[in-house]
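Please keep the sequence and the 3D view open while reading.

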Amino acid sequence: MIGYMDTLGDEIATARRRANLTQEELAARTGLSVRSIRNLESSRVTSPRPATVRLLREVLGLPAHPAPARIRPMQLPLEIPGFTGRSAQLRQLDRLLDGGPRRMSSVVVCVLSGRSGIGKTALALRWAHRSAARFVDGVLHVQLGGSDSRRPAVAPAEALGGLMEALDVPGGIPCGPAARAGLYRSVLAGRRMLIVLDDARDADQVRPLLPGVPGCMVVVTSRDRLTGLVVGEAARPVVVDELAAGEAWELLAARLGERRLTAEREAVRQIIAHCAGVPRALAVVAARAAVQPRLPLAEVARRLR
């Protein structure tokens, strides 16, 4: 069970990070020792002096009495197994977080674009899972359904409703789209969050879902380049293209095993060439081979011709 000291220590540490303060800087402002602050944040102190707690709350702008614990949303779906490659794109995303989210002076919006099946969602989830700890207030995820021909794309107002439910907005959710967007931005103000908007149809679907003040980062995936966001909101474009032959080999090896691939190198080369570096095509072929472990890869390659 989480006790009072665990909650207090987390609250102080989170507030300090939001204020862009190190433990040393907070110690200088309060007159406390760095060791005292470190022990308080790690819950090593079981009975802190009330005066110390009041001082820290005052300096950090916290209410005199702690608010009820708030769930930190972590809505990311399962990371796609067997992810390989994309080192250049991952570095691009990392650079957008130069110094961590607390250093961001504006809302950072990044658009991952590419053809169907090229691995935009896999890349977004890989990076988001890897970087989630850097967003102290959590991670939100919305599937926008922009490329689904079987049903209409998710309307911005509907997406906002789901986001505010995840944020546990008190007092109910407004009905009107403009009111929802305004409340959503108000709730995000002062928070450090990552928002992943998967499979966007166009820029108009995305704009109402963007935070209004610095501190958050938004990663959008889309088949469209969303040039309107690049122009109007200074979104950073990241192109997701075909895997190189070596990366395609790594993907197949992660699903079928290195030994099986090494035994039939020419067949694997033909499979990779046929799939043209498209991760979804490689994954489909790998699945067919995985459920038939005795089927020669040469036969798999022959059936692709």
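Which residue of strand 4 does L197 stand opposite? L197 stands opposite V220.

## Basis

This is a predicted model: local features need pLDDT of at least 70, side-chain atom pairs count only at pLDDT 80 or more, and totals for chains, interfaces and linings use all residues. Residues are numbered from 1 along each chain as its sequence is written, and side-chain values use heavy atoms, without hydrogens and water.

## Strand 4 and its partners

Strands (E, at least two residues) and helices (H or I, at least four) are DSSP runs, numbered from the N terminus. Strands pair if DSSP finds at least two bridges between them. Strand 1 and strand 4 run parallel, joined by 6 bridges. Here C110 has V219 as its bridge partner. Strand 3 also pairs with strand 4 in the parallel sense, over 5 bridges.

Strand 4 is largely enclosed by the rest of the structure, because 6 of its 6 residues are buried. Buried means under 20% relative accessible area, exposed over 50%, and partly exposed in between (1.4 Å probe, protein chains only). One side carries M217, V219 and T221; the other carries V218, V220 and S222.

## Two cores

A nonpolar core is a set of buried Ala, Val, Leu, Ile, Met, Phe, Trp, Tyr and Cys residues joined through side-chain atoms within 4.5 Å. The largest has 30 residues; among those touching the most other members are L197, V206 and V220. Strand 1, strand 3, strand 4 and helix 8 are among the elements that each supply at least two residues of this core. Another core, of 26 residues, lies apart from it and includes L76, V196, M217 and V219.
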